[in-house]
Amino acid sequence: MKAPSTATPLQRTLWEQLEVSHLPAHVAIIMDGNGRWAKQRGLSRVKGHKAGVQAIRSALDTVLELGIGNITLFAFSTENWTRPPLEVSVLMTLLRQFMRIELPRLMDKGIRMRALGDVSRLPKAIQNGIARVETETEKNIRLHFNIALNYGGRNEILHATRSIMADGLNPDKLTETIFEQHLYTCEIPDPDLLIRTSGEFRISNFLLWQMAYTELYFTDVLWPDFDVEQMLRALLDFQGRVRRFGGVHGD
Ligand code: IPE
Ligand code: IPE
Ligand code: MG
């Protein structure tokens, strides 16, 4: 792929190795390591989360430049409520600010944002902010940006099951396709690539159903340090994978 004119010489060599025909249609990211990034610098965790927001902007810009159509970022899990109340409240404030500050940029860049998860448990002001961004960006088609908020894979599966039962569907009629239509991710393709930063090798309740055949990429880099170069490296690694989906090896 041709590198953008702003690329550094190192980024340029990475861009040039990427094959445009072989990019993932959907990248999902577990953005982890904000706290450790801050600790390493003797800063508060709040500063780590603020730096994490900057890394979100950079990730969106990079996938846009590459022409990747879908990105899903894990921003707050159903388990993250167990953090100290002060940290939870800082994260909520950052989220509210994000919805306000980011809207004009998303519009400028043609990005559609959707929240995945049980947003009804979030503070009302944030729910309103999310609803506004979702509505205003609804017609944007360059990039589908999904932000997982109060999201848990198990919770999502239960939510889907409840809604199918409430519809009174005959159990014999239930198919995978119908089930998927009841997930938060209906209309979004399964992720081709999952990236997790900060050296943890786990899924932490993210997209459990959808990741059945996703390629997994783990890096030690902490989320605030995950820049263009890191994204390109993850994509190059992905391009070296052979995906079989349970079939036989091509050649
Ligand atoms: C990821 O960074 C951000 C959220 C989960 C909201 P962490 O806050 O988990 O950072 P570490 O894992 O403590 O370093
Ligand atoms: C996963 O990170 C959740 C998000 C990135 C929002 P955590 O830091 O919460 O995950 P664990 O606790 O290390 O598994
Ligand atoms: Mg963490």
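## The largest pocket and its lining

Helix α3 gives the most to the lining of the largest pocket, with five residues. This is a predicted model, in which local features need pLDDT of at least 70 and side-chain atom pairs count only at pLDDT 80 or more, while totals for chains, interfaces and linings use all residues. Residues are numbered from 1 along each chain as its sequence is written, chains are lettered from A and ligands numbered from 1 in the order in which they are written, and side-chain values use heavy atoms, with hydrogens and water left out. Helices (H or I, at least four residues) and strands (E, at least two) are DSSP runs, numbered from the N terminus. A pocket is found on a 1 Å grid over the protein atoms alone, as an open set of points with protein on both sides within 12 Å along at least five of seven lines; its lining residues have an atom within 4 Å of a point.

The volume of the largest pocket is about 600 Å³, counted as the space filled by probe spheres set on the points, which are joined across faces, edges and corners. Its lining has 28 residues, and Met31, Asn34, Phe74, Ala75 and Asn80 are the closest to the centre. Two or more lining residues come from each of α2 (34–40), α3 (45–66), β2, α4 (85–109) and β4 (143–151). By class, the lining divides into 14 nonpolar, eight polar and six charged residues. Here Ala, Val, Leu, Ile, Met, Phe, Trp, Tyr, Cys and Pro count as nonpolar, Asp, Glu, Lys and Arg as charged, and the others, Gly among them, as polar.

## Ligand 1

Ligand 1 sits in the largest pocket, meaning that more than half of its atoms lie within 2 Å of the pocket's grid points. There are 13 residues around ligand 1, and Asp32, Gly35, Arg36, Arg45 and Arg83 come nearest; a residue counts if one of its heavy atoms lies within 4 Å. The shell holds three nonpolar, five polar and five charged residues, and α2 gives the most to it, with three.

## Ligand 2

The space taken by ligand 2 is also the largest pocket. Among the residues around ligand 2 are Ile30, Met31, Phe74, Phe76 and Asn80. Strand β2 (residues 70–77) gives the most to this shell, with four residues. The shell has five nonpolar, three polar and four charged residues.

Side chains also reach oxygen atoms of ligand 2: Ser204 at 2.6 Å, Arg202 at 2.8 Å and Arg196 at 3.3 Å. Taken alone, ligand 2 exposes 390 Å², of which the protein buries 78%.

## A cavity elsewhere in the model

The structure holds one cavity of 30 Å³ or more, a cavity being a set of points where a 1.4 Å probe fits but cannot get out. Helices α3 and α4 each give two or more of the lining residues, and the largest share, four residues, comes from α4. By class, the cavity lining has three nonpolar, no polar and five charged residues.

Conventions. A polar contact is a pair of N or O atoms within 3.5 Å; within protein, one must be able to donate a hydrogen and the other to accept it, and residues adjacent in sequence count only if both atoms are side-chain atoms. Accessible areas come from the Shrake-Rupley method with a 1.4 Å probe; for residues, only the protein chains shown count as cover.
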